[in-house]
Amino acid sequence: QVQFVESGGGLVQPGGSLRLSCVASGSIVSIRACYWYRQAPGKQRGLVAWIGSDGYANYADSVKGRFTISRDNAKKTVYLQMNSLKPEDTANYYCDLNEVRHLGLMNWGQGTQVTVSS
């Protein structure tokens, strides 16, 4: 079945950068919409960025101007370039493609952890 594997998280100082990747495998033939979510401890999982099939990207206000979402359909991969990171960006980050996870068709798992700290 469909599998998503996030990578690229880690520990970074404020102002630093990370690039997250999410590779899909399995039964996905084409990538339509791509999403990045994050969830901090004790917080609700929230949408950070998404990009539609037309390539139009959207961002939460908290990350606008700092994060960039991109997509490579041939590689079945979605990226999240994170610059000027702040401590409040600390969270587990999750990807979703074609809303598979959002629709409950696949587990969220633990994502990839991003920690921004001095």
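Val 5 stands opposite Val 23 in S3, and that is a handy place to start. This is a predicted model, in which local features need pLDDT of at least 70, side-chain atom pairs count only at pLDDT 80 or more, and totals for chains, interfaces and linings use all residues. Residues are numbered from 1 along each chain as its sequence is written, and side-chain values use heavy atoms, leaving out hydrogens and water.

Five bridges join S1 to strand S3 (residues 18-25), and the two run antiparallel. Strands here are DSSP runs (E, at least two residues), numbered from the N terminus, and two of them pair if DSSP finds at least two bridges between them. Zooming out, S1-S3-S8-S7 is the order of an open sheet of four strands with antiparallel pairing. Strands S1 (3-7) and S7 (67-72) stand at the edges with a single partner strand each, so one side of each has no neighbour in the sheet.

Stay with strand S3 for a moment, where Ser 21 lies. Ser 21 counts as buried at 13% relative accessibility; buried means under 20% relative accessible area, exposed over 50%, and partly exposed in between (1.4 Å probe, protein chains only).

Now for the aromatic rings. Rings of Phe, Tyr and Trp (its six-membered ring) pair if their centres lie within 6.5 Å; planes under 30 degrees apart are stacked, over 60 edge-to-face, and the rest tilted. Four aromatic pairs are counted by this rule. Tyr 35 and Trp 50 are stacked, at 6.2 Å centre to centre with 25 degrees between the planes. Tyr 35 is buried at 9%, while Trp 50 is partly exposed at 30%. The ring centres of Tyr 94 and Trp 108 are 5.8 Å apart with planes at 85 degrees, so this pair is edge-to-face.
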